[in-house]
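Work through the exercises below with the sequence and the 3D structure at hand. Try each task before reading its solution.

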Amino acid sequence: MPFLELRDIHKTYHLGGETIRALDGVSLDIDSGEFISIIGPSGSGKSTLMHILGCLDTPTSGTINLDGMMIHDASPRQLATIRNKKIGFVFQFFNLLPKLTVRQNVELPMIYSGLSGKERRERAMNSLSSVNMEDRSKHRPSQLSGGQQQRAAIARALVNDPRIIFADEPTGNLDSNTGVLILEMFDKLHQEGRTVMLVTHDPEIAAVTPRRIEIRDGKIANETDPKLAGNVPKFAQVTDIKSQKTPDMTS
Amino acid sequence: MNLGSIIESGLKEIWAHWFRSLLTMFGVILGVASLVTMSAFVKGKENLLKDSLAESGGLERIIVDDNDDLPDYQKHLEDEANGMTLKDVYALQKNAPLVHSVTPVIEKRSYRGSLRVSRKGKRVRYASVKGTWPSLLEIEEHELEHGRLFSDMDDLLANTVCIIGTQIRNDLFGEYDNQGEEIIPIGEKIMINYIPFKIIGMFKQYMSEEDRKKKEEAHAAGQTVARPDFAQVRAAYMSGDRQSGTVMRIYSMKNSTIMIPINTLVSKLDSAYDRGSNMDRSLSKVAMKIYDVSTLEKSLQQVRNVLMQTHKGLEDFEFETQEGFAGDINLSIQNERISGMFIAGICLLVGGIGIVNIMLSSISERVREIGIRKSIGATNMDVFLQILTESIVIAVAGGIAGLIVSPILVNTLASFADNTTPPVMTAFAMAVAFGFSVMTGSLAGLFPAIKAAKLDPIQALRYD
């Protein structure tokens, strides 16, 4: 049974008198331990899909089965608990709280899961050392570079040991070298057996993942699955891909 | 999320904007301080009024006065009405078992011109000479500090002896001698209407607790304190501060009393008296004390029944109880309390609106933060509690600051208004004020907290 199972997901918004179909019948299976990217131009519905997968939003219709739980009609409170325990988010703008130190930021998810102060501190430091940030634990986000902030954000996403990590344009605000480092970090997480999902508009970044799902106009337009194609791009190829002219994968 | 970390994050948030939070707290500080201050002043006044009620005999004291205004159907019998006499006193002693003690009083006052109390050219400005029995001491709550009471024999023989109040002593002898010792003029002679009277006793000095403290301090420092004389009291009474005037008057009048045996007054000071029978001499009043306040109505009825007999059915007397005074006290305290509460309530309301305002602007600054918190697992309840806690923390901090400020405020105001009643701060009033501040914080935080909890996490994350 897949870890995440979407069946005929629809999401419609009403803006003024107009009905917008952000998602129009998306069905998707994601197995545990997969490394996936969702790709599509802005307005394609990929963010909406990530929000629904990430339990930040609920679909208008359709069913979602996450790890054996039907979450498409869960209450806000249940969704909050799932976000807290099973899901880690990494955002384009890092989204660290500027008033807290790095360590306090990493501790935040554990505050909401009700851990004691001592345990929080220990786990936060462990998580920070897994992204080589333990020496910056007392800094404020504003004292860090973009790459360091994103590593702190990854540490925060990992701290509650989630089953799946969603990264929304995680390299969008970084220079390309730092971006590669961050992508390497996601690859490492994938190697360790976690499910990781990248959301991006950039085919080059999507190329690092074995499986790529392209969204267009709220539908899955194209899917590259190594299980089907057998052609697995390796992470080492990313720099090559970047230097070459990338083949248009959307065609 | 446990309460400790909620409060911790609330305090952090407030500390991060300490100046803004301080300004917000001012409303609550003022509200709490004004509530405590108001209740301190009202309580002080209440204490003083209740003291003075007890000082003038308490609720158990009843006075029977003459009443010239007979009911209409008895108007034609006016000549028969000869007011209260000793006969009534004896009749009441025998026939009114609910009355504890009863005593006749004939009173002469100096300011009407009919009385002159003097010694060696010095004259008392105001004196009230009361010809009476020794039991008046108890009824009017007098305390003999020096010397002795007059005896029944003094009364029988119409001895020219007197017991004086301290104000009389002050006017005629001065308060302290050269060595700073209090003058106790027992055995000295004073002249009442040119007749020498021997001083056999002196009452203690009646004054409010506050005055007593002031006096002791001043005496320790070697000075004397100018106490309000009767003219001042009259001025206070006339100028509209009726209650404090009444209180001052009670103390001042008690200090200006001269008590002499009733027979002495009748036979020595009554110039127009024909010396027929003392029993027919009309009394200024009959003072009595009942056993228990709860039987006041019954006692009054009993006294009335007896007096209707001795007065041949003529109702030429009236009762004067202290119930009116007690009622006045309660009413005026209640009014002041309500108006004070009203002002303090408005202060707290303004403070609460200030908190609402600041919390709303605080959450609109932190929409993104709320989005982040929700995305990593904060429930709506967590966000709600966080905002509510911040608001309560502001109010509680303001409340504590208000409690700290209030004694300073009370003392400052008390020092400005020297001759008002001394304020009394009570723990109860402080607890109530603090409770109100917490309530204000909770109510004020409610709306912003609901607003924050309802934020959509996706919208909030996109917000700049």
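The model is predicted, so local features need pLDDT of at least 70 and side-chain atom pairs count only at pLDDT 80 or more, while totals for chains, interfaces and linings use all residues. Residues are numbered from 1 along each chain as its sequence is written, and chains are lettered from A and ligands numbered from 1 in the order in which they are written.

**Exercise 1. Confidence**

Find the mean pLDDT of chain A and the state of residues 232–242 of chain A.

Step 1. pLDDT is the predictor's confidence in each residue, from 0 to 100. Its mean over chain A is 83, and 90% of the residues of chain A reach 70 or more.

Step 2. Over residues 232–242 of chain A, pLDDT stays under 50. The model has 14 contacts beyond four places in sequence for this stretch; two residues are in contact if their C-beta atoms, placed from the backbone, lie within 7 Å.

**Exercise 2. A sheet in chain A**

Give the strand order of the open sheet of four strands in chain A, and say which strands stand at the edges.

Step 1. Strands (E, at least two residues) and helices (H or I, at least four) are DSSP runs, numbered from the N terminus. Two strands pair if DSSP finds at least two bridges between them.

Step 2. The order in chain A is β2-β1-β4-β5, with antiparallel pairing.

Step 3. β2 (18–30) and β5 (69–70) of chain A each have a single partner strand, so one side of each is left without a neighbour in the sheet.

Step 4. β1 (residues 4–15) of chain A pairs with β2(A) over 10 bridges. Glu5(A) stands opposite Asp29(A) in β2(A).

**Exercise 3. The partners of β9(B)**

State how β6, β7 and β8 of chain B each run relative to β9 of chain B.

Step 1. β6 (residues 144–147) of chain B and β9 (residues 195–203) of chain B run antiparallel and share three bridges. His146(B) has Met202(B) as its bridge partner in β9(B).

Step 2. β7 (residues 161–164) of chain B runs parallel to β9(B), with four bridges. Here Cys162(B) is partnered by Ile199(B).

Step 3. β8 (residues 189–192) of chain B is antiparallel to β9(B), again by four bridges. Ile190(B) stands opposite Phe197(B).

Step 4. The hairpin of β8(B) and β9(B) has two residues between the strands, and Asn193(B) takes a positive phi near 50°.

**Exercise 4. A helix in chain B**

Which residues of α10 (residues 262–269) of chain B are buried, and what covers them?

Step 1. A residue is buried if 20 or more other C-beta atoms lie within 10 Å of its own, exposed if 12 or fewer, and partly exposed in between.

Step 2. Ile262(B), Thr264(B), Leu265(B) and Leu269(B) are buried.

**Exercise 5. Arg163(A)**

Is Arg163(A) buried or partly exposed, and which residues does Arg163(A) touch?

Step 1. Arg163(A) lies in the loop between α5 (146–158) and β7 (164–168) of chain A.

Step 2. Arg163(A) is partly exposed, because 17 other C-beta atoms lie within 10 Å.

Step 3. Not counting residues up to four places away in sequence, Arg163(A) touches Asp67(A), Lys86(A) and Thr195(A).

**Exercise 6. Between the chains**

How many residues does each chain give to the contact?

Step 1. Chain B gives 16 residues and chain A gives 20 residues.

Step 2. On the side of chain B, the largest share, four residues, comes from α13(B).
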